[in-house]
Amino acid sequence: MLVPVVGRAEAVKVVVNAANPSDSMTREKVADLFLKKATRWESGRVATPVDQSDKRSVRGEFSQKLLVKEVAWVKSYWQKMIFSGRATPPAELSSDGEVLEFVRANPDAIGYVSEGTPLTAGIKPVAVKD
Amino acid sequence: MQMNRNTLFLVVLALVALMATPSFAQSSSVVEFHGFGGWALGKTDGLKYSFGTQEGQYDNAEMAINASARPMEQLSIVSQIRFDSNSQRGGADLDYAFAEWAFSDAAKIRMGRVKHPFGIYGEVFDVGTLRPFYSLPASLYGANGFTARAYNGAGLTGNLSRGRWGLQYDLYAGQIEGDFEAPGLLTATSANFAEPNIRFSYRVEDTVGGRLNISTPIDGLTVGGSGYSGEAFTDLDNVSTARRDVYAAHVEFIRSSLTIRSEYGHLKNGTDFSADASYVELSYRLREKWQLSARLDSQDVSVNVNPANLPKIFPQLLENKEKALGLSYWFTPGLVVRASWHHIDGNRFAFPERSEDVLRALQTGELDRTTDMLVVGAQFSF
């Protein structure tokens with residue numbers, strides 16, 4: 001069953017570049033991309049997740065609803081990945097507008113914005129399957 | 001060796017910087033720098049234990065710098081150098097430096113000096129902001145032959161996931177390096193008999209090893225196992241080469257404010273000695289910033305020697321039982337101040353600081369079995 005995250009979480013909208021063929025994804029796949037447990041799209045291209053600053057409430061909403069983890073857990077996870085030499089965290093941007101601009105400019109990007117954020121040209125939402 | 005490692009780190013840094021220039025910029029051309037460190041005071045009621053002494057040891061400070069780059073889509077280069085005020089190697093050491101080529105998420109090869117994938121903490125050995133106490137459990141992560149600093153060689157690693165199951169594996173071959181420390185009293189019949197403790201580097205060559213981590217559908221529950229086998233060498237004249245086999249199992253449960261970790265390990269070093277080690281560590285966050293922690297830690301060593309030739313105090317030199325309670329205050333996930341109390345029974349890691357006290361213990365056959373230690377410190381990462 002397809003459940004748009006915007007409908008379920010009432011606060012977060014997952015977005016990709018309009019050229020991305022994906023219209024829907026499982027929650028696990030979204031989490032794996034943002035935690036870099038999976039790094040590629042089905043097409044084989046390397047995904048570029050982009051995060052938001054931990055000062056923004058949408059970051060907490062995203063962590064709770066999509067990653068099913070507290071932001072503090074995610075911070076610890078990235079410390080472990082960095083210092084074991086396994087991966088570095090996605091870039092953190094400081095506003096929904098910056099995320100939209102980044103996703104519009106990067107065909108392989110995936111990001112998230114607050115539910116009420118109007119999407120600009122070149123961006124599309126992704127429905128997240130529970 | 002230290003100079004060689006520092007030089008190697010600089011070379012790796014230079015390579016990372018060069019490869020991250022725009023001409024290589026297929027994906028991320030950014031060189032990322034991170035780091036961690038800490039300082040602690042350790043004070044005991046008598047014997048020396050870990051970094052604590054009776055007078056109070058203040059110069060326990062460490063710092064590490066990590067540099068990484070991804071000059072090509074499939075290529076990552078990572079290096080880390082660590083400075084330790086108590087290092088036997090004179091201050092700075094190359095923690096690791098390796099290149100990783102990703103065929104896919106499920107198959108990545110690594111070559112170079114790679115952090116030892118062993119147990120829960122093996123790869124993040126010194127990162128204080130990833131644990132509830134200033135120091136790791138001595139039984140598995142002390143200088144005792146279980147966990148090495150790194151492997152020098154080649155490895156295969158990857159992630160697989162199916163639904164809510166996840167699997168991360170590591171396989172490696174090469175040489176591993178580590179430090180070993182024992183009470184000087186253990187070598188009472190050798191020329192080192194008056195030394196408070198003996199500490200030396202070891203290497204295990206022709207090593208084959210691996211680790212498996214399985215994240216289960218139970219939210220926060222991870223289980224796994226690690227092991228390796230190879231020929232162990234030391235620089236000591238009186239310690240012979242032996243086959244070393246090590247295996248361990250671990251379980252970790254992290255949900256909301258509660259974290260529980262436990263590990264068991266067994267080490268067999270030829271017919272010379274074997275050791276069993278285990279710990280349980282529990283921590284709970286209060287109001288996000290405060291954390292209460294408790295730990296039980298144990299190690300028992302069996303040595304293949306003639307008991308008739310041994311000093312009376314020998315059995316207690318082969319045991320370590322530690323109970324610890326801790327309190328931490330987290331300013332952020334990257335900065336914590338903490339205090340802990342440790343009660344140690346046994347002298348595997350607790351021994352007199354001065355040679356004359358070692359001799360007295362040897363002559364009288366008496367050595368305090370218990371040690372209490374207070375640790376106060378701060379740890380950070382960025």
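Author: The charged end of B:Arg295 sits over the ring of B:Phe133, 4.6 Å from the ring's centre. Here a charge sits over a ring if NZ of Lys or CZ of Arg is within 6 Å of the ring centre and within 35 degrees of the ring normal. B:Arg244 does likewise with B:Tyr202: its charged end is over the ring, 4.6 Å from the centre.

A word on the basis. This is a predicted model: local features need pLDDT of at least 70, side-chain atom pairs count only at pLDDT 80 or more, and totals for chains, interfaces and linings use all residues. Side-chain values use heavy atoms, with hydrogens and water left out; residues are numbered from 1 along each chain as its sequence is written, while chains are lettered from A and ligands numbered from 1 in the order in which they are written.

Now ring against ring. Over all chains, the structure holds 16 aromatic pairs. Rings of Phe, Tyr and Trp (its six-membered ring) pair if their centres lie within 6.5 Å; planes under 30 degrees apart count as stacked, over 60 as edge-to-face and the rest as tilted. Take B:Phe180 and B:Phe200, a stacked pair. Their centres are 5.4 Å apart, with 25° between the planes. B:Phe180 belongs to strand E8 (residues 165-183) of chain B and B:Phe200 to strand E9 (residues 197-215), so the pair ties together parts that are 20 residues apart in sequence. Helices (H or I, at least four residues) and strands (E, at least two) are DSSP runs, numbered from the N terminus. B:Phe180 counts as buried, at 11% relative accessibility. B:Phe200 is buried too, at 13%. Buried means under 20% relative accessible area, exposed over 50%, and partly exposed in between (1.4 Å probe, protein chains only).

B:Tyr329 and B:Phe331 form an edge-to-face pair, 5.0 Å centre to centre, with 80° between the planes. Both partners are partly exposed: B:Tyr329 at 25%, B:Phe331 at 42%.

What of the chain around these rings? Chain B has three helices and 18 strands. Of its 382 residues, 53% count as buried. Among its contacts between residues at least 6 apart in sequence, 61% join residues at least 24 apart. Contact means heavy atoms within 4.5 Å.

One helix of chain B is worth a look. H3(B) (residues 355-364) has B:Asp357, B:Val358 and B:Ala361 buried. Seen down the helix axis, the buried residues of H3(B) fall within an arc of 105°, so they line one face. That arc is taken from the directions from the helix axis to the C-beta atoms. An α-helix has 3.6 residues a turn, so residues three or four places apart point the same way. Just past H3(B), B:Gly365 takes a positive phi of about 75°.

Chain A has a ring cluster. A:Phe34, A:Phe62 and A:Tyr112 form one aromatic cluster. A:Phe34 is among the buried residues of H2(A). That helix (residues 27-34) is mostly covered, with seven of its eight residues buried. A:Lys36 follows H2(A) and has a positive phi, near 60°.

H2(A) packs against H3(A) at about 130°, with the axes 9 Å apart. Axes are lines fitted to C-alpha atoms, for helices over the stretch in contact, and angles run from 0 to 180 degrees between N-to-C directions. The two helices are therefore oblique to each other. Residues A:Arg27, A:Val30, A:Ala31 and A:Phe34 of H2(A) make the contact with A:Phe62, A:Lys65, A:Leu66 and A:Leu67 of H3(A).

Angles under 35 degrees count as roughly parallel, over 145 as roughly antiparallel, 65 to 115 as roughly perpendicular and the rest as oblique.

Last, A:Val50 in strand E4 (residues 48-52) of chain A. A:Val50 is buried, at 0% relative accessible area. Beyond neighbours within four places in sequence, its contacts include A:Phe34 and A:Tyr112. A:Gly111 lies 61 residues away from A:Val50 along the chain, yet their C-alpha atoms are separated by 5.1 Å.
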